[in-house]
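Subject: Structure handover

Hello,

Here is the structure I promised you. Please open it alongside this email; my notes follow below.

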Amino acid sequence: MDTHTIDAADTPDPQPEGDTPWLTAREQRMWRAHLEVAKLLEYQLSRELQPHNLAINDYEILVVLSEAPDHRMRMTDLATATLQSKSRLSHQITRMENAGLVLRQECPNDRRGLYAHLTEQGWETMQRVAPDHVRSVRAHFIDRFTPEQLDAIYEALAPVADHLRGLRGRS
């Protein structure tokens, strides 16, 4: 006699006609928790950047440029790195240029290409804001987990990120 009991969270919800692989209760719970955490975390981090007159996308661009060689990057590469369309990034860079945080520069080897370059003001802003932002990330996310949980979450998410990056590269 089998004494193994089936957890209700493991059983899929009743399947309607067709071959849709509906989520089990456990899968649905995890998926919805992921969506909620992602949205709430972005909302909270955005709120905490507002006193610095930065949006979360501004901060991401400052980070990427601050880590790039010579604090500059081709606009197409920056769009890829920040998961933005070229047109959306162009509007974002225009706003950041008006704030004195970045400059557009022509690419010497490609007349059509442009660089986004972090200005001195942008670098100073990054240095001033980064400690507050890191404290926020730590308080609202990192410190909510044990070191073992952090490792497990990374191990679980890394293959998903690799898969999605691969799909993006094909589009």
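First, a definition for the pattern that comes next: helices are DSSP runs of H or I with at least four residues, strands are runs of E with at least two, and both are numbered from the N terminus. Please keep in mind that this is a predicted model.

Overall layout

The protein chain holds six helices and three strands. Along the sequence, their order is α-α-β-α-α-β-β-α-α. The protein chain has 171 residues, and 26% of them are buried. Take the contacts with a separation of 6 or more: 46% of these join residues 24 or more positions apart.

Helix 2 against helix 4

Two packed helices are described by the angle between their axes and the distance between the axes. Here the pair is helix 2 (residues 56-67) and helix 4 (residues 86-98). Their axes come within 11 Å and cross at roughly 85°. Angles of 65 to 115 degrees count as roughly perpendicular, so helix 2 is roughly perpendicular to helix 4.

Which residues make the contact? Helix 2 supplies N57, D58, I61 and L62. Helix 4 supplies R88, L89, Q92, I93 and M96. By class, the residues of this contact are five nonpolar, two polar and two charged.

Salt bridges

How many salt bridges does a search of the whole structure find? The search finds four.

- E97 with R104: the side chains meet at 3.0 Å, N to O. E97 is partly exposed, at 27% relative accessible area. R104 is partly exposed too, at 25%.
- R135 with D132: the side chains meet at 2.6 Å, N to O. Both residues lie in helix 5 (residues 120-140). They sit three residues apart, about one turn of the helix. R135 has a relative accessible area of 53% and counts as exposed. D132 has 31% and counts as partly exposed.
- R138 with D143: the closest N and O atoms are 2.9 Å apart. R138 is partly exposed, at 43% relative accessible area. D143 is partly exposed as well, at 46%.

Exposed means over 50% relative accessible area, so R135, with its 53%, counts as exposed.

Aromatic pair

A search of the whole structure finds one aromatic pair. It consists of F141 and F145, with ring centres 5.2 Å apart and ring planes at 70°. Is the pair stacked or edge-to-face? Planes over 60 degrees apart count as edge-to-face, so F141 and F145 form an edge-to-face pair. F141 is partly exposed, at 26% relative accessibility. F145 is partly exposed, with a relative accessible area of 27%.

Most residues other than glycine have a negative phi. Two residues here have a positive one.

- D70 has a phi near 60°, a positive value, and is not a glycine. D70 is placed in the loop between helix 2 and strand 1 (72-74). At 62% relative accessibility, D70 is exposed.
- H71 has a positive phi of about 55°, and is not a glycine either. H71 is found in the loop between helix 2 and strand 1. At 22% relative accessibility, H71 is partly exposed.

N53 lies in the loop between helix 1 (25-49) and helix 2. N53 is exposed, with a relative accessible area of 69%. How far apart are N53 and A99 in sequence and in space? They are 46 residues apart in sequence and 9.5 Å apart in space, C-alpha to C-alpha.

Where to look

Then move to helix 5 for R135 and D132. Next, turn to the rings of F141 and F145. Finish with D70 and H71 in the loop between helix 2 and strand 1.

Best regards

How values were computed. Residues are numbered from 1 along each chain as its sequence is written. This is a predicted model: local features need pLDDT of at least 70, side-chain atom pairs count only at pLDDT 80 or more; totals for chains, interfaces and linings use all residues. Side-chain values use heavy atoms; hydrogens and water are left out. Axes are lines fitted to C-alpha atoms, for helices over the stretch in contact, and angles run from 0 to 180 degrees between N-to-C directions. Angles under 35 degrees count as roughly parallel, over 145 as roughly antiparallel, 65 to 115 as roughly perpendicular and the rest as oblique. Contact means heavy atoms within 4.5 Å. Ala, Val, Leu, Ile, Met, Phe, Trp, Tyr, Cys and Pro count as nonpolar, Asp, Glu, Lys and Arg as charged, and the others, Gly among them, as polar. Buried means under 20% relative accessible area, exposed over 50%, partly exposed in between (1.4 Å probe, protein chains only). Rings of Phe, Tyr and Trp (its six-membered ring) pair if their centres lie within 6.5 Å; planes under 30 degrees apart count as stacked, over 60 as edge-to-face and the rest as tilted.
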